[in-house]
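Trainee: Can we go through this one together? I'd like to start with the charged side chains.

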Amino acid sequence: MKKSQELSRKTWKMLAKNLIILAVLGVVAFVGVMSWFTQSTKAEADGISVKTEVSDGLEYYIVAPSDSDQYSAINKKLEDKGESWHRNSLTFDFKQSEFKFMEDLFLCEVTSDGKTFMIPKLLQYGEIAYVDTSTDFENADANENYMSFDIYFRTKSKYDVMMKSDSSIVPTGEIDPNTEDGVKNAAIGAVRLATLNGSNRQLLWIPGPCVWFDGLANNKEGKLMTQVPATEDFGKGSVYHIEGTDTLQYTGGNTSTHEYYNDSKMRDTIRSNGTNVIASTAGDYKLGKDVSMITLDKEDSVNGYYYNYARINLWIEGEDAEARLKCVGGKFNMTLKFGLKGINED
């Protein structure tokens with residue numbers, strides 16, 4: 001073999017070897033980047049503790065949403081008027097058959113008015129992620145991207161069922177801007193809960209308006225604020241992108257309103273005036289007032305009960321800066337307390 005041919009062959013071998021190394025490094029880098037994003041954008045169901053409590057005389061039963069695929073398989077259990085109905089407090093165990101429909105739940109950033117749920121496309125700008133309205137949103141799936149269940153109630157007489165004022169959605173750990181876990185717990189600022197009576201929204205609850213991630217502070221590195229007053233004139237808004245530019249801005253708003261993206265990918269607001277938009281003004285993550293949900297006006301004459309059901313939806317609002325990048329993955333406890341309107345309770 002000629003020297004020139006041997007040299008050429010060695011050169012190609014070296015190039016091929018280097019290309020393979022580069023390819024491997026590229027894959028490793030890609031996986032590393034994807035891991036960095038995915039670890040910051042989802043919270044497992046195990047990070048959520050859900051508990052229900054009821055007043056004396058009120059019985060309840062929990063099923064998958066009536067318009068979901070999961071519902072039909074367990075619907076017949078509602079015919080059981082005995083053991084299936086709970087009379088005391090209950091903590092959800094996502095591994096039990098009763099709550100099996102929630103076992104694949106991963107809370108990710110969705111945007112919603114409490115009734116219709118979509119997954120917005122998020123783009124990163126420094127330490128901030130903003131909603132990209134130039135691409136289509138995905139439809140969010142119940143009990144995959146957000147929590148949703150129907151809760152049936154029954155009593156021996158007609159009553160209104162209310163969610164009681166001391167219901168709470170509380171982060172399990174301290175919100176601390178100086179620790180990774182503490183920052184994750186700031187996602188409570190973007191948690192929302194809605195109750196529905198049929199197609200009508202009865203309640204939209206903002207449990208953590210006192211938590212706010214100011215993504216444009218400190219040279220776009222962000223600043224976590226934990227004592228924001230829940231007042232109408234504070235002016236809390238959220239980050240949005242001006243299309244066709246590299247500019248991010250805060251829009252108007254306040255802690256007693258809910259901002260989201262509608263099905264036309266336009267920012268919209270649900271205001272506290274004229275509707276049950278409840279912000280936890282004391283900063284204690286409690287509902288703060290009793291809210292009527294449904295009237296038990298359907299009669300089961302065979303067993304002597306009046307009954308009805310409500311839909312409960314829980315999600316992390318992707319329009320909020322608290323939901324984005326490092327401010328996700330926090331764990332929280334939800335305790336929902338239900339009572340009967342007009343009955344004196346301790």
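Trainee: Is Glu103 buried, partly exposed or exposed?

Mentor: Glu103 is partly exposed, with a relative accessible area of 39%. Buried means under 20% relative accessible area, exposed over 50%, and partly exposed in between (1.4 Å probe, protein chains only). This is a predicted model, where local features need pLDDT of at least 70, side-chain atom pairs count only at pLDDT 80 or more, and totals for chains, interfaces and linings use all residues. Residues are numbered from 1 along each chain as its sequence is written, and side-chain values use heavy atoms, with hydrogens and water left out.

Trainee: Which side chain does Glu103 meet in a salt bridge?

Mentor: That of Lys100, at 3.4 Å from N to O. A salt bridge here is a side-chain nitrogen of Lys or Arg within 4 Å of a carboxyl oxygen of Asp or Glu. Lys100 is partly exposed at 39% relative accessibility.

Trainee: How many salt bridges in the structure?

Mentor: Eleven. In one of them, Arg154 pairs with Glu59, the closest N and O atoms being 2.8 Å apart.

Trainee: What does that pair tie together?

Mentor: Arg154 lies in strand S11 and Glu59 in strand S3 (residues 59-63), so the pair ties together parts 95 residues apart in sequence. Strands (E, at least two residues) are DSSP runs, numbered from the N terminus.

Trainee: Are Arg154 and Glu59 buried or exposed?

Mentor: Arg154 counts as buried at 1% relative accessibility. Glu59 is buried too, with a relative accessible area of 10%.

Note on methods:
Helix = DSSP H or I, 4+ residues; strand = E, 2+ residues; numbered from the N terminus.
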